[in-house]
Amino acid sequence: MDNLAYNLQTVTDKKSGVTRLTLTDFRNYAFLRMEAGLRPIIITGENGSGKTNILEAISFLTPGRGLRGARLCDIKRFTPAVVDDNYIPSNASWAVYSQIQKNGEDFEIGTAVENIRHDEEEEIGIYNKRIVKIDGQKISSQTELGQYLSAIWLTPQMDRLFRGGSQPRRSFLDRLVYAFDNEHAKRTANFEHLYKQWYQLIKNSNGRTDTLWLQGLEENMAAIGVAIAAARREQIARLNRFIETEPDDIFPNVMLELDGIVEKMLDTLPALEVEDFYREKLASERKKVLYNDNIEGVNRTDFKVFYKKKRMPAELCSTGEQKSLLVSIILAQTKCQILYQGFAPILLLDEVAAHLDDGKREALLIKIKELGLQAWITATNKELFASLKDNADFFEIKNNTAIRR
Ligand SMILES: Nc1ncnc2c1ncn2[C@@H]1O[C@H](COP(=O)(O)OP(=O)(O)OP(=O)(O)O)[C@@H](O)[C@H]1O
Ligand SMILES: [Mg+2]
């Protein structure tokens, strides 16, 4: 056994995943409890039964807005309007509680939404905030979650990832980076916040703004922007290196590239010089904001994927090929996480069988098994997973409950 295979084996012997999941007032579920093994979990059910909602709930055990990028207020279970005289509207909010296992150690992770009342200058309002508890202790930043659990998801929306605008590709890439650099989530959120402030300030004042204030924002944006670009570059290089040395035998190997002005400059210049350049560029482009022109920078970077053997850009590949390229990326990412982070991510695969031919679907299941991964897989047709008969947990969702099959 070579070194890499040995290293993978030593970590995959210790498994990670969610062993118990409890949902309260989450989407279509008033209450749901599921117990699962550290192996594939196949969730079947009719359209609209609540399969994707379970995957979404698990995605909330990691930082961010979950696999649908949803607004917190949409997640709380809608109860039917007026029913009868006994109908009592519920004020409770939603919650996801889980028991997780990471390399043989057990933890409890819970997340819920709190209605927070704010009382400012005689204006009273309520806003929602997601709170997270690990082993009963409230944590101040979701970033900490990354040390306990990591999830990688593939959703049907991502079938169009390579064809549409760059934003979803950028988010996909940034999530791959978070797993290795927990601060990356904070940086991207900060950058977005600063950019909005900068943009609004210029727009609202028609270009006649307090320049000191703008300079301050530009300085911060340049510093954070270069850190974002550097972290993305590092992750792309890590994945390309891994694929180069450990090409997959079934899924088409990919070559990954970044198409962004800041990332490109880091090829040849030291970070401090790129930071100066970015700051000056932002300052010189204030006018562009007034004319609604695009401002190049880390908020517009694109993530380019190529089918390596064919030298074909992903957007020109067939639907099934594009899906296979995505699987290829998440398999490489998973293996890198196991190797370098020391624990396996959970895979959340929503309708993953769509567009994959039988050979690819079976190959993916074998790989999941070989790597000892916990994978939550949804499907409308259970038969597609018959080969996992004795090696998976099967659930059917019916009437808002999960029935073990
Ligand atoms: N906040 C909410 N409260 C109650 N029900 C909701 C809420 N948000 C979504 N739903 C409902 O939950 C149901 C299940 O949605 P989900 O996306 O999980 O279905 P699915 O089983 O994945 O279906 P498909 O096979 O079509 O993908 C839908 O009917 C949807 O309208
Ligand atoms: Mg679904």
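At roughly what angle do the axes of helix α6 and helix α8 cross? In this predicted model, the crossing angle is roughly 130 degrees, and the two axes come within 8 Å. The two helices span residues 211-245 (α6) and 271-284 (α8). The crossing is right-handed.

The α6 side of this contact consists of Glu 218, Glu 219, Met 221, Ala 222, Ala 223, Gly 225, Val 226 and Ala 230. Helix α8 contributes Ala 271, Val 274, Glu 275, Tyr 278, Arg 279, Leu 282 and Ala 283. Sorted by class, the contact of α6 with α8 has 10 nonpolar residues, 4 charged and 1 polar.

Helix α6 also meets helix α4, which covers residues 166-178. Here the axes come within 9 Å and cross at roughly 80 degrees. That value lies in the range of 65 to 115 degrees, so α4 is roughly perpendicular to α6. From α4, the contact draws on Leu 173, Leu 176 and Val 177. From α6, it draws on Ala 231, Arg 232 and Gln 235. The contact of α4 with α6 divides into 4 nonpolar residues, 1 polar and 1 charged.

The strands form a further element of the fold. An open sheet contains 6 strands in the order β8-β12-β13-β3-β14-β15, and its pairing is mixed. Its edges are β8 (151-154) and β15 (401-404), each of which pairs on one side only. From one strand to the next, the twist averages 20 degrees.

Within this sheet, strand β3 (residues 41-44) pairs with strand β13 (residues 375-379). The pairing is parallel and extends over 4 bridges. Ile 41 has Trp 376 of β13 as its bridge partner. Helix α2 (residues 51-59) lies across β3, β8, β12 (346-349), β13 and β14 (393-398). Relative to β13, helix α2 runs at about 160 degrees.

Overall, the protein has 11 helices and 15 strands. Its C-alpha trace spans about 65 × 65 × 40 Å along the principal axes. The radius of gyration is 23 Å. A compact globule of 405 residues would have a value near 22 Å, so the protein agrees with that expectation.

Conventions. Residues are numbered from 1 along each chain as its sequence is written. Chains are lettered from A and ligands numbered from 1 in the order in which they are written. This is a predicted model: local features need pLDDT of at least 70, side-chain atom pairs count only at pLDDT 80 or more; totals for chains, interfaces and linings use all residues. Two strands pair if DSSP finds at least two bridges between them. Axes are lines fitted to C-alpha atoms, for helices over the stretch in contact, and angles run from 0 to 180 degrees between N-to-C directions. Two residues are in contact if their C-beta atoms, placed from the backbone, lie within 7 Å. A crossing is left-handed if the near helix is turned anticlockwise from the far one by less than a right angle, and right-handed if clockwise. Ala, Val, Leu, Ile, Met, Phe, Trp, Tyr, Cys and Pro count as nonpolar, Asp, Glu, Lys and Arg as charged, and the others, Gly among them, as polar. The radius of gyration is taken over C-alpha atoms; the globule rule is 2.2 Å times the number of residues to the power 0.38. Angles under 35 degrees count as roughly parallel, over 145 as roughly antiparallel, 65 to 115 as roughly perpendicular and the rest as oblique.
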